[in-house]
Structures are given as structure tokens and as C-alpha cells.
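Hi everyone, thanks for coming. I'd like to walk you through a few spots in a structure, so let me put it up on the screen.

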Amino acid sequence: MLQDQLNRDAKKSLTHNMKWWLIKILYTPCYLALAIIFLIALIGPWFVGDPLALSVGPRLTAPTLASPFGTDQYGMDILSRVVNGARIDLLAGLSAAMLAASIGMPLGAFAAYRGGVWDQVMLRTSESFQAFPVLILAMGAIAALGSSMLNMIMVIALVNVPVYIRLTRSAVLPLRDKDFVLAARCAGLTDWKILRRHILPNVAPVIIAQFSVNCAWAIQILAALSFVGLGVKLPTPEWGAMVRGGSDYILYGQWWVSVFPGLAILLTVLTLNQVADRIGQIRR
Amino acid sequence: MSNTSPLIQIDNLSARIRNEDQTLFPLQGVSFSIERNVRMALVGESGSGKSLTASAILGMLPTGSQITDGTIIMNERNLALISEKEFQKIRGKEISIVFQNPKASLNPVRTVGSQIAEVLRVHERINQKQSHDKAIQLLESLGLPDPKKRARDYPHQYSGGMAQRAALAMAMACQPSLLIADEPTSGLDATLQQQVLDLLTQQVQHQKSSLLLITHDISVVGATCEQVAVMYGGRIMEVGPTELILRRPMNPYTEKLIESFSRSQDGKMTSIPGTVRPPTTELKGCPFADRCHMANKQCHTHLPELAPKGDRLIACINV
């Protein structure tokens, strides 16, 4: 009897908790905004026209009802291009940040946990990477490697690896001497297991917050590289490239070519940063 | 004492810690043994080297320190010499430890059940499901109410007493033959102290393990342990049956230590004059000589060896 009552109570409180979380997530604008951006990237392209369709008719038309964002110098529909660009930029940003995290996180954790020479080597290496301005480093690497999408992602990831190394290292260091790590060692767990099952779960919130910021950085770098002409080349609907493509016309009053993709970059980066802030706050 | 060989025998154990600017000698010839199925207390002031002795037994000396001499024999192996890999098989399985702060020894972001189950899986060939079931059983046997639900809880949902039980369940999961309890009662109020000690005693008796209780508080020893080793300045001063040592201490240090925990007739608290000798040099004489009221010239120049006297072992040249 009592047990049943207890079980029921437990279930009720669980569903109650879940509801509460759902409400909290939905009513926080930045999460909602992020969800919408992802939704646009995911299914948006099915609802707009071909981003590469050249128009034989009027070019550089101002926003109208038929094409809300106007058309560019080739007569391509800007709304369609911005929506399709979401897919490219988000995918590139996500995969670059993910690649950077999956390289940097284990290295940083290892450096902190082992300490000594390994720590020094890892620190000095990441410092020497960080001595270069990120954009200059990325530009140099892209110029040398060529500007395929894969190269872009790899280079952006690489310049972000030191960030993860240092962040993970600093998060793991204070954990290394915690009692529960000691207790895990005393229970006979190997270093690898302790790192994976006891330390990493504790640094996850920091890493996730950084991941969100990192996606924003990656999108910015990608856009910046495309803007200076090193990245994605024009017919591809990439936001940075589109801003550059339209930059020649801003002075002549045809602002919409650059402004809409620029706004897309701004909103996405802003949202990702907000989300990172939020996640950062969760950890008390 | 029994005829069989002791569970663990420590002989002349010495350790050294090298810092950047100095070398310390925290253990200088520690010798004692723990019989099977016996509860033993290791008592001493802070800085006497008792915790370091425990670390040495577990092969977990802090960085910069190493064993320079002596042996720790357990099941015909010398724990002072075996590799880290071999130690990983011993820790948790044959020797385990519970710490002072049980809450801190549980990982805050994982459920208590999963942490106990993990220890079981490290040492025993069982699958995920079996290990979780066994973890629940363990929690139940330690008297945790509603263990099934509690196993899915996180440490912050536990009270101090419950966390103590969980930490103990983790330490006793693989039925180790030696459980080390490092200051398990410090920082607890008196009623909880007794509960924790009772729990320890009950578990150790139930599993037929030995207990090494490390404490600075000689008053908790009486009800819990059958044997006492008194430690000072990195050496054992006196070892023997608890009753005997507490009633009639023979080593002047033991005497003073017991005195300082009990009020004298006129109600005043007594303390041992002087401070603990920092272990910066190797000992030439008795470590307690500087503070001892019985000390003579010889005490400063002769290192007293642990010698049998009646039922006990004592290191003092004056008795």
C-alpha cells in the first residue's frame, strides 16, 4: 500500500519535473530562437525556391511580396539563398566545433590528469598556436591547402583545438584531487576509466557551453574567410560569400543583397552566444 | 594471538617526500601487523604519519614521495614493491578505504547506484544488470531505506548518514579482507560518531574482514577496536590489546595522549607540552624525547626498538 503510494508519488514528481523543464526551455527565448534557426536549416530549403536559379528577367530587385528579400545581381532569390545558407553555415560550424572538441577535450583532460611533462608540452603547443591571430592562421592554412569545404572545416576546427585543450585542462585540474577521484582510484579503477566516467561528466557543462560559443566562432570565421574571398566561392549560398557579393552594391542603394545574409549571421551568432550563456548559468 | 600468519605485516617501513626545497621523512621504520578478522586502531596526532601509512598500504603515496625501506607483506606479496597495475587489482578487491567526508567521495554527477555497480564490475565478471542489482542489495544490507529508489538518486539527495552508508557500500562491495577507515568520525557530532563506528564494526564483522581505523581521537577507539597501535613522529610507540593500552599505558607518549583526552581530577584539561617534531631530519633518538618528562640523555641518541613486554609491544628504553 505504502509502497504503491510512494511509487505513484515518485512518478508524479518525475512527470511534473519534466513538464517544468519543458516550460522553462520553451519560455527561454534563446533556446526557442536556436530551435527555429535549426528548423529553418533543416526543412526550410524545401519551402523556398532553387537558390541557384538565375533569372532572365529583372536583377537586383528590391524586396517584394514575391521575393521578400529581393534578388541579387544574378537575379537569384535572396530569401532562398539565405535559407539554404543556414544549412551550409550551421553544418560547417557544428562540424568544425565538434571536430575541435573531440580533439581538444581528450588532450586537455589527459594533460591535466597526467601533469608534468605532458602538461607542459600540451600547454606550450597550444600557446604557440594561439600566438597567431585566429583569422590570420586560418587564412594562411586555407591559402596553402585550398578552399574546399572539407579543408575549411578542418582548418577552423584546428585553430579552435587549443581553446578546448586549455578549457578542459583548467576544468579538470581542480577535480584531479577531489575525494571522489581518490575514492575511485582506491576502488581499483584505471586512470582511463576515472577520466572517462568520473572526470569528464563533471566538466561536461563547461564544454557544452564552450561548444555553443565555438559554433558561433566557426560560423564567423567561415563567413569572414568567404568574405575576404578565400572561402566558399559565390554561386554557393554561403552567408559570408553573399555579404561580399552584395558589398559592391550597398553604396548604390541596393542594400538587401548584403544586409539579409549579414542579419542571418548576426542572429545566429547572437543566439548561439546567448545559449552558451544560459548553459553556463545552469552550473550554479 | 592466533597461530595463522597475520593478514598484513608491515616491517620497518620508511618513506621520504621530496619537495622543491626540502626532504621530509614522515615514516621512519613503522612496524606493526594486522591479524585476520581483527579491528585495529592507528592512533596519533596529526603529522604522526598515520594517514601516510594508509596511503602506503594502498600504494597511493602522493606525488614526490616514495617508500625508501621496509616491507608490507600481504598474502605473500610485498606491496612496497609491486607495480601500479597489480595494485589496481588489489585496491577495492582486497583492501579498500572509506574517507573522512563520505559525500565528497561520491561523484556528484552520477547516481550512487551506478558508482557502486562500477566498482563491482571492475573486480568481478558480472554484467550491468547484475551489478546494479547487487548494488541495491548492498545498500539494503547497510540499512538504507528504499534502496531501489535510492540507488537512482544523486549524492546531493543523500543525507550525511546515508552518504556514509553509500560510501561504505562502495568500499565493502567486493568483500575486501582489509578495510581502512581514515578519520571516519572527525567532523561528526557525538551521536553520529557512534552510529558510524557501529556500522563499520558491524560490516567488518559480517564480512569477516579486518579494520584499520585511523584516528587522532583515542576516545573512539575503546568501543570499536580490539587492538591499538599508537604512532608518533613516523614510528610506532606502542601496540597491544585496546583494553590493556587504554587502562595501563606504559609508553610515556601513550600516557600523555590518553591524559589529554580525559579531564584530570581537578577538572582541568591537560595537554602535551611542546609541538610535534617536523619530520625534516632522520631520527637519531626517540621521536618523543623532546617532549617527554622521562627523557634522559640516552633517549636522544638511541632509537628505541619495538620490543615485547607482556601482551604488548613497546618502544621506550625507560620501561
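Let's begin with B:R39, which counts as buried, because its relative accessibility is 10% and the cut-off for buried is under 20%. Do keep in mind as we go that this is a predicted model.

So where does this arginine sit? B:R39 belongs to strand β3 of chain B, which covers residues 39-43. And what does its side chain reach? The side chain of B:R39 comes to 2.6 Å from the backbone oxygen of B:T224. Leaving aside residues up to four places away in sequence, B:R39 also touches B:C225, B:E226 and B:Q227, and its contacts include B:T201, B:V204, B:Q205 and B:L211 too.

Now over to chain A, and to a proline. A:P174 is found in helix α6, residues 149-176. With 51% relative accessibility, A:P174 counts as exposed, since the cut-off for that is over 50%. If you look for A:I43, 131 residues away along the chain, its C-alpha atom is 44 Å from that of A:P174.

Last stop, a pair of helices in chain A: α7, residues 179-186, and α8, residues 191-227. Their axes are 11 Å apart, and the helices pack at an angle of about 165°. That angle makes α7(A) roughly antiparallel to α8(A). The crossing of the two, α7(A) and α8(A), is right-handed.

Which residues meet there? From α7(A) we have A:F180, A:V181, A:A184 and A:R185, and facing them from α8(A) are A:I194, A:H198, A:I199 and A:N202. Sorted by class, the contact between α7(A) and α8(A) has five nonpolar residues, two polar and one charged.

Thanks, everyone, and I'm happy to go back to any of these spots.

How values were computed. Residues numbered from 1 in each chain as written. Chains lettered and ligands numbered in written order. Predicted model: local features only at pLDDT ≥ 70, side-chain atom pairs only at ≥ 80, totals over all residues. Heavy atoms only, no water. Helix = DSSP H or I, 4+ residues; strand = E, 2+ residues; numbered from the N terminus. Buried < 20%, exposed > 50% of the residue type's maximum accessible area, 1.4 Å probe, protein only. Polar contact = N/O pair within 3.5 Å; in protein donor to acceptor, adjacent residues only side chain to side chain. Contact = heavy atoms within 4.5 Å. Axes fitted to C-alpha atoms, helices over the stretch in contact; angles between N-to-C directions. Parallel < 35°, antiparallel > 145°, perpendicular 65-115°, else oblique. Left-handed = near helix turned anticlockwise from the far one by under 90°. Nonpolar A, V, L, I, M, F, W, Y, C, P; charged D, E, K, R; others polar.
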